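Open the model in your viewer and keep the selection tool at hand. This tour goes from one selection to the next and says what is there.

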Amino acid sequence: MFRGGIFLLISVNLMMAVIAMPLLREGRNNTGNEKPVGISPDDIIARAQDWVNRAVPYSQSDYTDGYRQDCSGYVSMAWGSSQPGHTTYNMEEICYRINRWELQPGDAILNPSSHVLLFHYWVDNDSFYQYAEIDWVRV
């Protein structure tokens with residue numbers, strides 16, 4: 001029986017409580033100052049797609065490439081964060097809030113202590129493609 005995994009989905013509306021992005025997105029940090037970074041939005045999406053291609057299943061106890069196979073481990077892996085990755089509880093420490101229209105590929109949409117996903121691109125004003133590690137048993 002299939003229990004979970006990574007999916008590229010269309011989401012309708014932003015249902016998460018917090019919109020966040022990597023602290024060191026290209027050219028910005030949490031203070032808005034210019035700062036070079038080592039990972040681009042294209043790199044983040046490519047890393048996320050790699051787990052999709054490999055069909056890495058959801059797990060809070062198993063690891064792939066040194067990262068937990070849950071939603072926050074998946075986002076941490078895509079961002080190139082330290083292993084085993086952040087959790088939804090502490091991910092806000094490396095992110096900052098933005099307006100939904102500022103979302104760029106590889107940014108995260110976070111509901112602290114619950115779920116995080118990667119934004120890919122807008123389909124229209126209310127729908128977007130996302131990358132997410134999902135536990136279908138708990139949904």
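Which residue forms a salt bridge with D50, and how far apart are the closest N and O atoms? The partner is R54, at 2.6 Å. A salt bridge here is a side-chain nitrogen of Lys or Arg within 4 Å of a carboxyl oxygen of Asp or Glu.

Before going on, note the ground rules. This is a predicted model, in which local features need pLDDT of at least 70, side-chain atom pairs count only at pLDDT 80 or more, and totals for chains, interfaces and linings use all residues. Residues are numbered from 1 along each chain as its sequence is written, and side-chain values use heavy atoms, with hydrogens and water left out.

**Stop 1: the salt bridges**

R54 sits in the loop between α1 and β3 (59–64), and D65 in the loop between β3 and β4, so the pair ties together parts 11 residues apart in sequence. Helices (H or I, at least four residues) and strands (E, at least two) are DSSP runs, numbered from the N terminus.

Now check exposure. Buried means under 20% relative accessible area, exposed over 50%, and partly exposed in between (1.4 Å probe, protein chains only). D50 is partly exposed at 32%. R54 is partly exposed at 40%, and D65 at 41%.

Next, select R68 and D70. Their side chains meet in a salt bridge of 3.1 Å, N to O. Here R68 is buried at 9%, and D70 is buried at 8%. Shared partners join D50, R54 and D65 into one network. The whole structure has 3 salt bridges.

**Stop 2: H86**

Select H86, in the loop between α2 (71–79) and β5 (95–97). Is H86 buried or exposed? H86 counts as buried because its relative accessibility is 16%. Show its contacts (heavy atoms within 4.5 Å). Leaving out residues up to four places away in sequence, H86 touches R68, S72, G73, S76, S81, M91 and I94.

**Stop 3: the cores**

A nonpolar core is a set of buried Ala, Val, Leu, Ile, Met, Phe, Trp, Tyr and Cys residues joined through side-chain atoms within 4.5 Å. The largest has 20 residues, and V75, W79, M91, V116 and L118 have the most contacts inside it. Two or more residues each come from α1 (41–53), α2, β6 (108–111) and β7 (115–122). The largest share, 6 residues, is from α2.

Zoom in on V75. Beyond four places in sequence, V75 contacts M91, A108, V116, L117 and L118. Then select Y96, I98, L103 and L117, which are among the 9 residues of a second, separate core.

**Stop 4: S114 and the cysteines**

Select S114, in the loop between β6 and β7. S114 is partly exposed at 40%.

C71 is buried at 7%, and C95 is buried at 10%. The structure has 0 disulfides (pairs of cysteine sulfur atoms within 2.5 Å).

**Last stop: confidence**

Colour by pLDDT, the predictor's confidence in each residue, from 0 to 100. The chain averages 75, and 71% of the residues score at least 70. Where pLDDT is low, the predicted coordinates should not be read in detail.
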